[in-house]
Amino acid sequence: MLVLAGIVVLHLTAIILLLVATIDNAWWFTDSVATDVWGRWELAGSAWHYTNLKEDYDKEYLQVVQAGAVLACIFSILGLFVFVAQLFTLSKGQRFTFSGALMLISCLCVMIAASIYTDIFHKQEQGWFGHSFILAWISFVLTFILGVIYVVLRKKSE
């Protein structure tokens, strides 16, 4: 029972980190700009103003990053619901393979999104990656660990 609670807590943590990484505007920072995968905040005087992303961003790559982040959230949430459903429907000795597959797909999506963002965007700019970018990579590790746990895990009792 303690293992089950730990897995659910780890899964909820991964979902929260994925959602924060996708929604929050902190993928890239400079002294006067905060950028995420959806928009750009610029400091003018003492107030932050929302603007669209720069036109020189390659739209196709940006859409891949956006889609990867959103799909990672969706597959991770689906993985939790499938895991809970499998707790009640799997017979003794079977593995949580479908839950593991969903988590590994989520892992792949967030890895693709963060990798493309790392390689394509902000190469010529001086700045630093923000906490949302770091959370995306941490959630990559968590979703991978969860995917492996689900594939290996067997249901012990009815």
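Which residues in α1 are buried? The close-ups below take that up and then move on to other spots in this predicted model.

**View 1. Helix α1 and its buried residues.** Here's the list for α1: I7, H11, A14, I15, L17, L18, A21 and T22 are buried. They sit on the same side of α1, because they cover an arc of only 165° around the axis. Turn to the other side of α1 and you find L2, V9, I16 and I23, which are exposed. As for its length, α1 has 22 residues and reaches 32 Å from its first C-alpha to its last. That's close to the 32 Å expected at 1.5 Å a residue.

**View 2. The largest pocket and its lining.** The largest pocket comes in at a volume of about 270 Å³. Twelve residues line it, and the closest to its centre are L4, L87, R154, K155 and K156. Which elements give two or more residues to this lining? They are α1 (2–23) and α2 (59–89). Of the elements, α1 gives the most, with three residues. Sort the lining residues by type and you get eight nonpolar, one polar and three charged.

**View 3. Cysteines C73 and C109, in no disulfide.** For C73, the nearest cysteine sulfur is that of C109, 9.9 Å away, while a disulfide needs the two sulfur atoms within 2.5 Å. C109 is in no disulfide either: the nearest cysteine sulfur to C109 belongs to C107, and it's 9.2 Å away. Are these two cysteines, C73 and C109, buried or exposed? C73 has a relative accessible area of 7%, so it is buried. C109 has a relative accessibility of 13%, so it counts as buried too. For both calls, the cut-off for buried is under 20% relative accessible area.

**View 4. W28 in strand β1.** With a relative accessibility of 4%, W28 counts as buried. How far is the C-alpha atom of W28 from that of G93? The two C-alpha atoms are separated by 46 Å, and the residues lie 65 apart along the chain.

How values were computed. Residues are numbered from 1 along each chain as its sequence is written. This is a predicted model: local features need pLDDT of at least 70, side-chain atom pairs count only at pLDDT 80 or more; totals for chains, interfaces and linings use all residues. Side-chain values use heavy atoms; hydrogens and water are left out. Buried means under 20% relative accessible area, exposed over 50%, partly exposed in between (1.4 Å probe, protein chains only). On a 1 Å grid over the protein atoms alone, a cavity is a set of points where a 1.4 Å probe fits but cannot get out, and a pocket is an open set with protein on both sides within 12 Å along at least five of seven lines; lining residues have an atom within 4 Å of a point. Grid points are joined across faces, edges and corners, and a volume is the space filled by probe spheres set on the points. Helices (H or I, at least four residues) and strands (E, at least two) are DSSP runs, numbered from the N terminus. Ala, Val, Leu, Ile, Met, Phe, Trp, Tyr, Cys and Pro count as nonpolar, Asp, Glu, Lys and Arg as charged, and the others, Gly among them, as polar. The expected span of a helix is 1.5 Å times one less than its number of residues. The arc is that of the directions from the helix axis to the C-beta atoms.
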